[in-house]
Amino acid sequence: MSYLTHLECALTGETFPSEQLWNLAPSGKPLLARYDLKKVAAVWNRQDLAERPHTLWRYREVLPMRDFDNALSLGEGFTPLLPARRLGKALGFETLFIKDEGVNPTTSFKARGMAVAVSRARELGATALSAPSAGNAAGAMSAYAAIAGLPAFVFMPRDVPIAFIGECRALGASVTLVDGLITDCGRLAAEGVRTHNRFDLSTLKEPYRLEGKKTMGYELAEQMDWTLPDVIIYPTGGGTGLIGMWKAFAEMVELGWVSGGKLPRMVCVQAEGCAPMVRAFEKGDRFAEPWQNGKTAADGLRVPAAVGDFLILRALRESNGTAVAVSDGAMISAAGEIGRSEGIFPSPEGGATLAAFHDLRRSGWIKDGERVVLFNTGSGHKYAHLWAEDSRA
Ligand SMILES: *Cc1c(COP(=O)(O)O)cnc(C)c1O
């Protein structure tokens, strides 16, 4: 069973009942799911996991479903944590790991968030789903909507790579191509939400995509034998993965599953052409100013304003982490390095983590012997055009 007790406004701490559909809190900020962790600690042992399915649903005590028979699954989560041996050797740094999220359903970690959010939305009575998206979120929503038997409405900028559009259509979603930016898509999607009673699954505008993504934190601990790495490098758009893992670490400390002494330093990587979090981190701001005219080939990082900005910045500071911007050229070249040495075709976002690693090694921020995990958040297949037109290929 689930031990979900209530929702809590991430800004004000105000609490709300969890057994109804919610989007943002009245403050306009995200709602976070809270569990009775004392009870969970009393009834659930790490050893019990041995018999659980190899999907994110293995962590069900800290997931929100009332009835797990209604949990939708395409095999999401439990992705490999690969020691990057050849790459590590070439770089003289042998404690480097890659968490390969590209092998998830619909080829990105967006499947984690959508598996949980769509399952929960259906459980609470949603009858149609909606999301503006410039990338992988739309495909993941479409896939889980398909197995939920719910109609899905996707709003995408007309200039997104065709793989993203084709995927949603093949998965049965209704796709509206918008002449404009992701913010224009957001406006149109919001109109449909109001007039057609669709449930809005935008990043951090409902509480449960975060719960799906936090399972990356549980998995890392389980795969590292209940220790945590020294550094996690994460390509950050809306920030659900980073915020989610930081939440998972806090939960696991409370459960007594990991030691709270030395949690990983969280690194947020963004594209030089759209780096609102890096700028806000460097200025010491609590919230981030929206980025004007954001541009990058890494569609997952083209997020000029994140509703969870203060949660990203807080996690970076609490963890003694940092924020790094890398160029598109550097991420694509680093993606090739991962490909040639480790046999993984990473998304440019995944490449960005290695580009940031190079910068942080050069500056001495990452020290010899530290255990570092790079998150390849998606597969390169939907971005194959970036290589097809390149003489480097
Ligand atoms: C969405 C996305 C990101 C950014 O994820 P957030 O958790 O929202 O910051 C990174 N990489 C890929 C491949 C994505 O699709």
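Select D299 first. D299 is buried, with 8% relative accessible area; buried means under 20%, exposed over 50% and partly exposed in between, with a 1.4 Å probe and protein chains only. The side chains of R302 and D299 meet in a salt bridge, 3.6 Å from N to O. A salt bridge here is a side-chain nitrogen of Lys or Arg within 4 Å of a carboxyl oxygen of Asp or Glu. R302 is partly exposed, at 21%.

This is a predicted model, so local features need pLDDT of at least 70 and side-chain atom pairs count only at pLDDT 80 or more, while totals for chains, interfaces and linings use all residues. Residues are numbered from 1 along each chain as its sequence is written, and side-chain values use heavy atoms, with hydrogens and water left out.

The structure holds 23 salt bridges. Select R158 and D179 next. Their closest N and O atoms are 2.7 Å apart. This pair links distant parts of the chain, 21 residues apart: R158 is in the loop between β7 and α5, and D179 is in the loop between β8 (174–178) and α6 (182–196). Helices (H or I, at least four residues) and strands (E, at least two) are DSSP runs, numbered from the N terminus. R158 is partly exposed at 45%. D179 is exposed at 64%.

Go to K283 and D285. Their side chains form a salt bridge of 3.5 Å, N to O. K283 counts as exposed, at 51% relative accessibility. D285 is partly exposed, at 23%.

From D285, jump to I162. The C-alpha atoms of I162 and D285 are separated by 37 Å, and the two residues are 123 apart along the chain. I162 is found in helix α5 (residues 162–170). Is I162 buried or exposed? I162 is exposed, with a relative accessible area of 74%.

Then select E19, R66, R120 and E123 together. Salt bridges link these four residues in a network.

**The cavity**

Keep R120 selected. R120 is one of the residues that line the largest cavity, and L21, W22, A117, A121, L124, F199, E206, P207 and Y208 line it too. On a 1 Å grid over the protein atoms alone, a cavity is a set of points where a 1.4 Å probe fits but cannot get out; a pocket is an open set with protein on both sides within 12 Å along at least five of seven lines; lining residues have an atom within 4 Å of a point. How many cavities of 30 Å³ or more are there? The count comes to 1. The largest cavity holds about 40 Å³ of space. Grid points are joined across faces, edges and corners, and a volume is the space filled by probe spheres set on the points.

Helix α3 (residues 110–123) gives the largest share of this lining, 3 residues. By class, the lining has 8 nonpolar, no polar and 2 charged residues. Ala, Val, Leu, Ile, Met, Phe, Trp, Tyr, Cys and Pro count as nonpolar, Asp, Glu, Lys and Arg as charged, and the others, Gly among them, as polar.

**Strand β6 and its partners**

F199, in the cavity lining, is also the bridge partner of L129 in β9. β6 and strand β9 (residues 199–200) pair in the parallel sense over 2 bridges. Two strands pair if DSSP finds at least two bridges between them.

Now select β6, residues 129–132. L129 and A131 point one way, S130 and P132 the other way, and all are buried. In a regular strand the side chains alternate between the two faces of the sheet.

β6 and β7 pair in the parallel sense over 4 bridges. A131 has V154 as its bridge partner in β7. The chain crosses from β6 through helix α4 (residues 136–148) to β7, and this β-α-β crossover is right-handed. That is, with the strands pointing away from the viewer, the path from the first strand over the helix to the second runs clockwise.

**The second largest pocket**

Select L32, R34, W246, K247 and A250. Of the 19 residues lining the second largest pocket, these are the closest to its centre. The pocket holds about 380 Å³ of space. The elements that give two or more residues to its lining are β1 (4–9), β3 (31–35), α8 (240–255) and α10 (309–318). α8 gives the most, with 6 residues. The lining divides into 12 nonpolar, no polar and 7 charged residues.

**Last stop: the open sheet**

The 3 strands form an open sheet in the order β2-β1-β3, with antiparallel pairing. β2 (15–16) and β3 stand at the edges, each with a single partner strand, so one side of each is left without a neighbour in the sheet. 5 bridges join β1 to β3. L7 has A33 as its bridge partner in β3.
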